[in-house]
Amino acid sequence: MKNTFAKISPFQVDPEKIMDTFGIRDDDFTAASSQEKESMVEMHKSISFWQDAWRRFRANTVSMVALFVFLLCLVFAFIGPKLIPYTYADQYRSAQKLGPFEYSKSEALVRSVQKSADGFYATALRPGSLTAIAKGDYFVRAGGQTYAFTMAKAAEKSVLLLKAGDPEPLRLVAEKDIENGTYTKYTAMEVSDTPAQGATELKLTRRVFPHVFGTDSQGRDIMARTMYGARVSIIIGIMAALIVLVIGSLYGAISGLCGGVVDFIMMRIVELIYSVPEVLIVLLLQVVLKDPLQMWFQNHSATSAFVRAMSDLGAGIVSIFITFAVLYWVTMARIIRGQVLQLKKQEYVTAATALGASNARIIRKHLLPNCIGPLVITTCLQIPSAIFLESFLSFLGLGVSAPMASLGSLCSDALETISLYPYRLVFPAIVLTIIVLTLNLVGDGLRDALDPRLKK
Amino acid sequence: MGTYILKRIVGSVLILLLIMVVTFLLMNAIPGSPFLTEKSTPEQIAMAEAKYGLDKPLHIQLLNYIKNYLKGDLGTSLKMQEGTPVKNIIFHQGKFVLSIKLGLFALLLAVCLGIPLGCLAAYYRGSWLDGVLRVVTTIGVAIPTFVLAALLLVVFSVKLKWVPTLSGSLTDTKSYILPVISLSSYYTCYIAKLMRTSMLDAINQDYIRTARAKGVKTSGLILKHALRNSLIPVVTYLGPVTAGIITGSFVVESTFSVPGLGKYFVQCVMSRDYPVIMATTVVLSALVIFAMLVVDIAYKIVDPRITLTTKEE
Amino acid sequence: MEENKLLLKVKDLKVSFFTPAGEVKAVDGISYSLGYNEVMGVVGESGSGKSVEAYSIIGLLQNPGRVIGGSIEFEGENLLDYTPEQMRQFRGNKVSMIFQNPMTCLNPVYTIGNQLTEALTCHDKSISKEAARKKAIEMLELVGINNAEKRMNQYPHEFSGGMRQRAMIAMALICSPKLLIADEPTTALDVTIQAQILELMKDLQRKENTSIIFITHNLGVVAEICDRVSVMYAGRIVEQGKVNDIFYRPEHPYTRRLLQSIPRLDETGDERLIPIEGTPIDLLNPPQGCNFGPRCNECMKICLRQKPPFAQVGEDHISACWLHFKDALGKEGANA
């Protein structure tokens, strides 16, 4: 290899210029050590599949927001009921047909008392005001003791007594006690913000909680019911998705792994179920299963905890699970079978087979971990579709049975009075829509993050 | 092509038969007699069962039932309209036609609106139009049909009074609007989303690059090369759409008080009028299976590759 | 080569992909020229930027790829100044392209005839249907497809891989372009079919007087068909010269290693094939010095610091490596 300066470069660079532009040093033309060479190569930090997927998911703003909103929905459904003083089944008779943020008369009274301070002063007591205070589960603190106005239905007619000269100044008694003559003398209460002469300070330990979504015709708090309904709907969705996950992935994995005749037969079954109009069958199953299930509950709930749990859920929900187990796993099975067939061709599975690994081991150790992406995506997207189906059935009056509520049944209940009280439909409908929407978006985000085909 | 259609028809008939058998068995699995009411005596029940042939062994009953169905005898209503042949209830009281009309309009709307919207979103991907369409369609597939139906009812009938509250027998055009919109909205949005994805998928295919390298115009790339390919998944989806529209009609017809087959089916299910449930299930299943068949054939027309596989078989 | 006889002149072309992870300099300042009726091979491993460079000539770069510098002159006109519509008219008419995978490059839902005539009609609106069809049949026959009349009405899936590539070639040449870019046209085909397609391309090149840029990683194919060869590594041309020079007098260490890594029939010894160790560099973080430096066993200190300029190592034969400067500059440097 002989080169002369005369021949250097068609792009016209003379040697002096090269010396200048490139800043040639003395030792530049000696061999570089391997350390020097290695230091040149900046290696990318290698990250695991899940780290990579999480990084991509995080980069997806829409999915992250959706995930956050869904978590809020979970808080709403699971922690919310603990934060508000109402439950889904309690009927507050004085608080019927309230609009959002409306108060019943009694609640309004307590609220007006509470407005300026958490304590107020009572010098005398009137039966009317007592009834009012007694209605909403409030506590009054006076004389170092706490007096509860319970929610019991009997309490509605109870009276708060302030007996002159009584060592206990404040007492809650039922109206019948007064009629019976147990208490004959009582003083009416004057409530004020400023202490009058000889007034006792009363402190309410709980504030009036607004009926954020209003109440229904039976005086039930719609927010409490919506929370409860959302919880039922989410649980049903997740359970149904898990059922689909287990059955579908096992079926698909077995079909794909066995291949041959087994695969052929199993796939024909899948095709058959696939072409059955499923919702019709679901409706049929709902009708058919109701009585046998109820009989089964009656006969076995004493002996088996499982049956008791099922019977708590009710025949409607259990038959939803059964229909999912019978009809809805086919998509999952197809996806997993496809994955398995693709993975089966991979060398490491062949290697495992050559080493004498059993089929069960291959499924567990090699195939399922590799199918995890599609499994997660399909399961995640199955949840909203299960919620959809449940709400659809409940809307038709076939899903959950009273006093249980799901978002679908709440919507269905609201439909009867829709022209007068549209908000009764709007709130559960919005919650239902948000849950389905966010789950869809999270599912889409997961697909983008986990699907290697979109990897660039 | 001919053999393929024949094969699919035979398959469809088999599935329908299977559904009939399953429906029959399910109905027979319900404990107690359908005639069992509080007032009826054992003699009355026995008489009634003898009248309807319910005292015979199960397989004979099954055979009779299939035979009768093949002859077009769908049984007699036991509760809803006692003594009336189910066939008359379904086909002669305008229910069937009403539901079919409603469903077809909804299907048409979903296809005619969904496909162009999806194309637009794909073509202008990243633009504000794409963004708006994405938000609308994403919300659209998250709103259950019954919620939308009820909301539309409140807004346009109760508050604005633009359209009648009860759509009734859909005698005028106006009364069609809300049921059709609520029935088709989910599928319109779904098809638009599907179309967008599959269009984007098609745009990234090698053959689009080839066409670009040939110098084909952008409009040609989209309308000729990408559209037909991206229609394939949409066409496949039309089968489930039909099934879904039938299902949706249960809710929509109930909400808008349309006396169609969907509303009627729900009423039967509620009142447990078994012969009617069975007959309606079979008729609706037949409808869905027929739609699937049509879709499969349409699929062949859009995608020429399938023809070869049938030739090879 | 005289300036006015050049068909294509690429000067300091730079193409970058703007990915979320950062700018990837897929093509980092390459220059070459191509005469009429000349076949140039572009050789390199995957990711060396050889396809990207071809796509920027024909204007098929897609987001996030962008030409960020340099010029592409085709018959004296800078293609980078063309409007999209001019570019569209240019594509398929003056320059056309065939791709690697004939299985996916034809639209599955249209007949071969439809796709062939489309190439004609989208550049010449006035051409009648019959004329276009006739021309298409002619082209199919030219590329050696029997029964062309019947084949016109068939769909791509009814063609074998080799047949599809023939159809692709027919489609590319139907407007008699001056330049054909072939992006690994034989890679996806069986070896026997490969030879047939190469033979066909050589034949057509002579008949139609088309220049060809032949992109491949297969050196055997290059020897078969090309007049000149550019060897690319990590977005840069490392060596360029006549095909015989590249094969028999390779100057750049990368080219030499590349040639050592493939079996040769003309040398009878039982010498071992030597693979090139290491992996191509990460284009997101290219090294400061010579891109090949980290994998080169003749690597010097300067190679790690500065990218080498081209050295004229023979007639029409250039190579970018500091080794060529070692004798002259190294000594002088030591003396100073």
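A word on the source before the contacts. The model is predicted, and every value I give is computed from it.

I'll start with chain A against chain B. On the chain A side 39 residues are in contact, and they meet 41 residues of chain B. Together the two chains bury about 3,400 Å², with 85% of that on carbon and sulfur atoms.

What about polar interactions here? The count of salt bridges between chain A and chain B is 0. Of the side of chain A that touches chain B, α10(A) gives the largest share, 11 residues. By class, that side divides into 29 nonpolar, 7 polar and 3 charged residues.

Now the other partner, chain C. Here 33 residues of chain C are in contact with 21 residues of chain B. The buried area is about 2,400 Å², and carbon and sulfur atoms give 54% of it. Within chain C, the residues that lose the most area to chain B are C:Val109, C:Glu118 and C:His157, together 24% of what that side buries.

How many salt bridges does the rule find between chain C and chain B? It finds 2 across this interface. One pairs B:Lys214 with C:Glu118, at 3.0 Å from N to O. C:Glu118 also meets B:Lys224 in a salt bridge, at 3.5 Å, N to O. C:Glu118 sits in helix α3 of chain C and B:Lys224 in helix α10 (residues 218-255) of chain B, so this pair joins two chains. For context, a search of the whole structure gives 15 salt bridges over all chains.

Polar contacts between chain C and chain B come to 17 residue pairs, both residues at pLDDT 80 or more. On the chain C side, α1 (50-58), α2 (84-90), β6 (95-98), α3 (112-121) and α6 (161-173) each supply at least two residues. The largest share, 4 residues, comes from α3(C). By class, the side of chain C that touches chain B has 17 nonpolar, 10 polar and 6 charged residues.

Last, chain B itself. Helix α5 (residues 95-123) and helix α8 (residues 173-203) of chain B have axes that come within 6 Å and cross at roughly 35 degrees. The crossing of α5(B) and α8(B) is right-handed. Their contact has 23 nonpolar, 5 polar and 2 charged residues.

One residue to look up is B:Arg8, in helix α1 (residues 2-29) of chain B. Leaving aside residues up to four places away in sequence, B:Arg8 touches B:Met292, B:Leu293 and B:Asp296. B:Ser271, by contrast, is 263 residues from B:Arg8 in sequence and 36 Å from it in space, C-alpha to C-alpha.

Terms used: Residues numbered from 1 in each chain as written. Chains lettered and ligands numbered in written order. Predicted model: local features only at pLDDT ≥ 70, side-chain atom pairs only at ≥ 80, totals over all residues. Heavy atoms only, no water. Contact = heavy atoms within 4.5 Å. Buried area = accessible area lost by both parts, 1.4 Å probe. Salt bridge = Lys/Arg side-chain N within 4 Å of Asp/Glu carboxyl O. Polar contact = N/O pair within 3.5 Å; in protein donor to acceptor, adjacent residues only side chain to side chain. Nonpolar A, V, L, I, M, F, W, Y, C, P; charged D, E, K, R; others polar. Axes fitted to C-alpha atoms, helices over the stretch in contact; angles between N-to-C directions. Left-handed = near helix turned anticlockwise from the far one by under 90°.
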